[in-house]
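Open the model in your viewer and keep the sequence panel beside it. The stops below are meant to be selected in order.

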Amino acid sequence: GMGAFAAVAAGSANDPRLIILEHAPAGHADEAPLIVVGKGITFDSGGISIKPDDNMGEMKDDMTGAGAVLGAMRAIARLGLKCNVIGVLACAENMPDGKAQRPGDIVRAANGKTIEVVSTDAEGRMVLADAVWYACQMGAKKVVDIATLTGAVIIALGNETSGIVANDDELVEQIKPAGRMAGENYWQLPSLPECKEAIKSDVADLLNSADV
């Protein structure tokens, strides 16, 4: 039922994969888990909305979110942390092919909402929409997703600071000092109810890219 995730991978010869890694030590398996979701676009050509050829070779880095989750789960296991943590890696390749999704397509995400595809290069949010929904169905206490999403954050914050978009300010205030300890800087970006106006669609529940 993950129509958004499947649409992103439709143009690739490689099938998508949703990889689940669980760390549930004795005595903690029944706790509501922290779930960390990683965007794993193993190569992002942009799809039909193809990217410029300049630096396109770097787009294999679009799996960095999933790579970070994999590394975090390995560290958690090696440290033997006494907590229930699940890693979800949403892995796919975004390619232009005769079967690829097209601008103007409408797809149905796992939560039942329909999405009008404005740009096939806005693929990460579609993959994450289904992966984060899946994490919520697993009974997550909290969900954190990690992604190279999107280039506009680099324009806003530069190369030294990562952006956070959140609906839990308390969690953000825990992440910020943890990041500083690890040499990572974070800045919280606004997520306002008014922003929903920018992704309203005439033919679906929402657009996959802001109409601004």
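The tour goes from the core to a helix, then to charged pairs and backbone details.

This is a predicted model, in which local features need pLDDT of at least 70 and side-chain atom pairs count only at pLDDT 80 or more, while totals for chains, interfaces and linings use all residues. Residues are numbered from 1 along each chain as its sequence is written, and side-chain values use heavy atoms, with hydrogens and water left out.

**Stop 1: the core.** Select F5, I35, V37, V88, M126 and V127. These have the most contacts inside the largest nonpolar core, which has 23 residues. A nonpolar core is a set of buried Ala, Val, Leu, Ile, Met, Phe, Trp, Tyr and Cys residues joined through side-chain atoms within 4.5 Å. Buried means under 20% relative accessible area, exposed over 50%, and partly exposed in between (1.4 Å probe, protein chains only). Helix 1 (3–9), strand 2 (34–44), strand 3 (85–94) and helix 3 (124–137) each supply at least two residues of this core. Helices (H or I, at least four residues) and strands (E, at least two) are DSSP runs, numbered from the N terminus.

**Stop 2: helix 2.** Select residues 64–79. Which residues of helix 2 are buried? They are G65, A66, V69, M73 and I76.

**Stop 3: charged pairs.** The whole structure has eight salt bridges, each a side-chain nitrogen of Lys or Arg within 4 Å of a carboxyl oxygen of Asp or Glu. Select K39 and E123, whose closest N and O atoms are 3.3 Å apart. K39 lies in strand 2 and E123 in the loop between strand 5 (114–116) and helix 3, 84 residues apart. K39 is buried, at 2% relative accessibility, and E123 is buried at 2% as well. Next select K142 and D168, a salt bridge of 3.1 Å, N to O. K142 is partly exposed at 27%, and D168 is partly exposed at 24%.

**Stop 4: the backbone.** Most residues other than glycine have a negative phi, and most peptide bonds are trans. Select N55, which has a positive phi of about 65° although it is not a glycine. N55 is exposed, at 55% relative accessibility. Finally, select L149 and T150: the peptide bond from L149 to T150 is cis, with omega near 5°.
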